[in-house]
Amino acid sequence: MGTAVIWVPSNPRGAERLPPRIVAAESDLYLRRLWGNPNEDLTSKPKYLVTFTVGYDQRMNIDACVKKFSENFTILLFHYDGRVAEWDEFEWSKRAIHVSVLKQTKWWYAKRFLHPDIVAPYEYIFIWDEDLGVEHFNAEEYIKLVKKHGLEISQPGLDPNKGLTWQMTKRRDDSEVHKVTDERPGWCTDPHLPPCAAFVEIMAPVFSRDAWRCVWHMIQNDLVHGWGLDFALRKCIEPAHEKIGVVDSQWIVHGSVPSLGSQGESQNGKAPWQGVRERCRKEWTMFQTRLTSAENSYFKAAGLDPSASKGH
């Protein structure tokens with residue numbers, strides 16, 4: 001009599017020896033009890049996820065932000081300063097998820113704790129900075145507009161009275177959403193390409209579940225500041241100039257608090273923030289070089305001319 005052996009090639013890699021009905025290929029961030037019937041643990045399952053990378057000094061601003069997100073959102077805080085217990089002064093903090101690792105950026109946390117198979121239950125994932133003013137923002141209304149306009153990657157419009165880097169992310173008074181803009185002469189090689197279209201910044205992006213699955217794979221392990229990602233997000237969406245946009249009627253103020261600069265170290269007589277800023281710029285160049293090299297290698301292997309490819 002032969003020995004029964006399980007081998008299911010269609011299972012996830014490494015799980016081929018398991019019967020398919022026991023395989024749990026995805027997980028979630030839902031909090032559970034240590035007692036009782038597991039089927040009765042969850043009275044509700046939030047449909048959306050919002051993450052903030054925070055230091056305790058910005059707690060009042062984060063408190064204001066969290067109150068703009070309904071019970072349909074799981075709240076996840078990434079702590080770069082190691083101060084976690086103090087946040088219990090806020091009632092909502094006791095229900096939030098806290099991850100504490102010293103002196104890291106939000107893209108470092110996202111790469112390690114927001115794997116697509118972990119956040120799969122969430123329709124949209126907000127990956128936000130800690131210095132955003134949200135007086136004119138409501139998360140539920142924002143979601144409605146994102147769905148209405150078919151946006152896979154988005155951000156709220158930015159207060160035009162504050163310092164802005166890009167015209168694309170400036171809030172407009174006469175629209176719910178915009179997807180294109182006019183930039184300074186020579187800044188856009190194509191009206192459908194960044195920074196004139198298919199573009200949001202990395203301070204307050206919102207990703208659909210499907211878009212995040214692609215973007216997560218594009219985030220590099222060693223390039224932690226995320227500079228350059230905003231210009232490359234379009235590669236995860238088609239057509240990007242129609243599915244990436246800025247929500248004008250739910251807008252925010254960017255406070256530009258240089259929190260991470262204070263987390264750096266002084267070297268060669270330079271202030272800590274200078275070293276952080278220099279690395280940001282260096283990472284932008286490194287990311288662009290890697291991406292271009294990877295694309296050229298792909299096209300070359302396929303016998304195609306990289307210069308003829310769409311978006312170059």
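The lining of the second largest pocket divides into twelve nonpolar, four polar and five charged residues. Here Ala, Val, Leu, Ile, Met, Phe, Trp, Tyr, Cys and Pro count as nonpolar, Asp, Glu, Lys and Arg as charged, and the others, Gly among them, as polar. Keep in mind that this is a predicted model, in which local features need pLDDT of at least 70 and side-chain atom pairs count only at pLDDT 80 or more, while totals for chains, interfaces and linings use all residues. Residues are numbered from 1 along each chain as its sequence is written, and side-chain values use heavy atoms, with hydrogens and water left out.

**Pocket and cavities**

- The second largest pocket has a volume of about 590 Å³, and its lining is made of 21 residues.
- Pro-46, Glu-71, Phe-73, Thr-74 and Arg-95 are the lining residues nearest the centre of this pocket.
- Which strand gives the most to that lining? E2 does, with three residues.
- Rolling a probe the size of a water molecule over the atoms shows where empty space is left.
- On a 1 Å grid over the protein atoms alone, a cavity is a set of points where a 1.4 Å probe fits but cannot get out, and a pocket is an open set with protein on both sides within 12 Å along at least five of seven lines; lining residues have an atom within 4 Å of a point.
- Grid points are joined across faces, edges and corners, and the volume is the space filled by probe spheres set on the points.
- Two cavities of 30 Å³ or more are found in the structure, and the largest cavity holds about 60 Å³ of space.
- Around the largest cavity you will find Met-218, Ile-219, Gln-220, Leu-223, Gly-226, Trp-227, Leu-229, Glu-283 and Phe-287; six of these lining residues are nonpolar, two polar and one charged.

**Strands and a helix**

- Helices (H or I, at least four residues) and strands (E, at least two) are DSSP runs, numbered from the N terminus.
- Strand E2 (residues 73-79) and E3 run parallel and are joined by four bridges; two strands pair if DSSP finds at least two bridges between them.
- Phe-78 stands opposite Val-99 in E3.
- Strand E3 (residues 97-100) has Ile-97 and Val-99 on its covered face, and His-98 and Ser-100 on the uncovered one.
- In helix H4 (residues 209-218), the buried residues are Ala-211, Trp-212, Val-215, Trp-216 and Met-218. Seen down the axis of H4, these buried residues fall within an arc of 150 degrees, so they line one face of the helix. The arc is that of the directions from the helix axis to the C-beta atoms.
- Buried means under 20% relative accessible area, exposed over 50%, and partly exposed in between (1.4 Å probe, protein chains only).

**Salt bridges**

- Side chains of opposite charge can pair when their charged atoms come close.
- The structure holds 16 salt bridges, each a side-chain nitrogen of Lys or Arg within 4 Å of a carboxyl oxygen of Asp or Glu.
- Asp-117 forms one of them with Arg-213, with the closest N and O atoms 2.8 Å apart. This pair links distant parts of the chain, 96 residues apart: Asp-117 is in the loop between helix H2 (106-113) and strand E4 (124-128), and Arg-213 is in helix H4.
- Asp-117 is partly exposed, at 24% relative accessible area, and Arg-213 is partly exposed at 33%.
- Salt bridges that share partners join Arg-32, Arg-33 and Asp-41 into one network.
- Within it, Arg-33 and Asp-41 meet at 2.8 Å, N to O. Are these two buried or partly exposed? Arg-33 is partly exposed at 30% relative accessibility, whereas Asp-41 is buried at 14%.

**Backbone details**

- Most residues other than glycine have a negative phi, and most peptide bonds are trans.
- A cis peptide bond joins Pro-194 and Pro-195, with omega about 0 degrees; Pro-195 sits in the loop between strand E7 (177-178) and strand E8 (206-208).
- Ala-198 is in the loop between E7 and E8. Ala-198 has a positive phi of about 55 degrees although it is not a glycine, and it is buried, with a relative accessible area of 1%.
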